[in-house]
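Here are a few notes to read alongside the model. Please keep the view open and follow the points in order.

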Amino acid sequence: MLRVEIFARALAVVLCSLPWTSAYMSRYSCNTTADLFKRQGLNTETFFCAPYVNYSVACDLDDDPALGFNPSCNNTFAIQVYANFERALSVYSCKDYSRIWTCDNCTVAYKRWLCSALFRKCNQDYECPANFTRTNARAIPDCVMKTCQDVCYDVVRKCPVHLEFRCPPVKDLREYDIRSCNNLERPSTDNVLISTLPVIPVFSSLTLWRRGTR
């Protein structure tokens with residue numbers, strides 16, 4: 001158990017410490033879920049985010065230089081990250097952390113946030129530019145709808161503090177907002193029973209937030 005805990009914390013540090021990228025080009029494209037399924041050989045049963053993502057998604061077509069591959073709209077990557085999170089969560093007792101929230105509340109909140117981060121909602125009021133440069137002031141183009149802040153802070157509220165999951169400051173609206181934002185038309189996570197995926201630890205919101213925001 002000690003080895004698992006040390007490994008979980010070590011991986012959490014690694015994921016939260018990915019190098020900041022000052023600026024780089026990215027190409028976003030809006031895709032229907034049918035397009036996504038066809039490209040990745042998915043269906044409603046194999047799509048990890050099927051309970052939440054029923055909208056056109058804005059996918060980055062280029063690799064992330066900080067990660068060395070493309071995590072955007074990547075179903076396999078989403079499953080792997082969630083499995084890592086479950087492994088990290090298994091180290092702690094959710095009952096010791098909260099009398100209100102259970103581990104099920106935590107995992108569902110985390111899955112919703114993860115789906116919002118990897119499968120961003122397309123804002124069809126805007127056309128995606130051929131090339132978009134991420135800078136300190138602008139992390140995503142207008143064709144990518146920002147995620148509602150509560151989706152991120154729901155994880156902070158319902159998961160053990162030892163996981164060290166953190167959201168950007170409330171005033172940082174580069175990728176999150178409180179109005180005209182994507183909340184994934186979400187069901188409540190206050191009382192849920194879910195089936196879990198195979199387990200193996202933590203993908204903080206800062207991991208995605210830090211990319212291209214220095």
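1. Start with C128, which counts as buried because its relative accessibility is 18% (buried means under 20% relative accessible area, exposed over 50%, partly exposed in between, with a 1.4 Å probe and protein chains only). Its partner is C143: the two form a disulfide with sulfur atoms 2.1 Å apart (a disulfide here is a pair of cysteine sulfur atoms within 2.5 Å). This pair links distant parts of the chain, 15 residues apart, with C128 in the loop between β4 (120-121) and β5 (132-134) and C143 in the loop between β5 and β6 (147-148). Helices (H or I, at least four residues) and strands (E, at least two) are DSSP runs, numbered from the N terminus. C143 is buried as well, at a relative accessible area of 1%. The torsion about the S-S bond of C128 and C143 is about 105°, so that disulfide is right-handed.

2. A word on the source: this is a predicted model, where local features need pLDDT of at least 70 and side-chain atom pairs count only at pLDDT 80 or more, while totals for chains, interfaces and linings use all residues. Residues are numbered from 1 along each chain as its sequence is written, and side-chain values use heavy atoms, with hydrogens and water left out.

3. How many disulfides does the structure hold? There are 8. One of them joins C148 to C181, S to S 2.1 Å, and is right-handed, with 95° about the S-S bond. C148 sits in strand β6 and C181 in the loop between β7 (176-177) and α7 (205-209), so to speak distant parts of the chain, 33 residues apart. C148 is buried at 11% relative accessible area, and C181 is buried at 16%.

4. Now look at C152 and C167, a disulfide with sulfur atoms 2.0 Å apart. This link is left-handed, with -110° about the S-S bond. C152 lies in helix α6 (residues 149-158) and C167 in the loop between α6 and β7, so the pair ties together parts 15 residues apart in sequence. C152 is buried at 1%, and C167 is buried at 13%.

5. Last, the second largest pocket: 15 residues line it, and I140, P141, D142, V144 and K146 lie nearest its centre. (On a 1 Å grid over the protein atoms alone, a pocket is an open set of points where a 1.4 Å probe fits, with protein on both sides within 12 Å along at least five of seven lines; lining residues have an atom within 4 Å of a point.) By class, its lining has 8 nonpolar, 2 polar and 5 charged residues.

Notes: Nonpolar A, V, L, I, M, F, W, Y, C, P; charged D, E, K, R; others polar.
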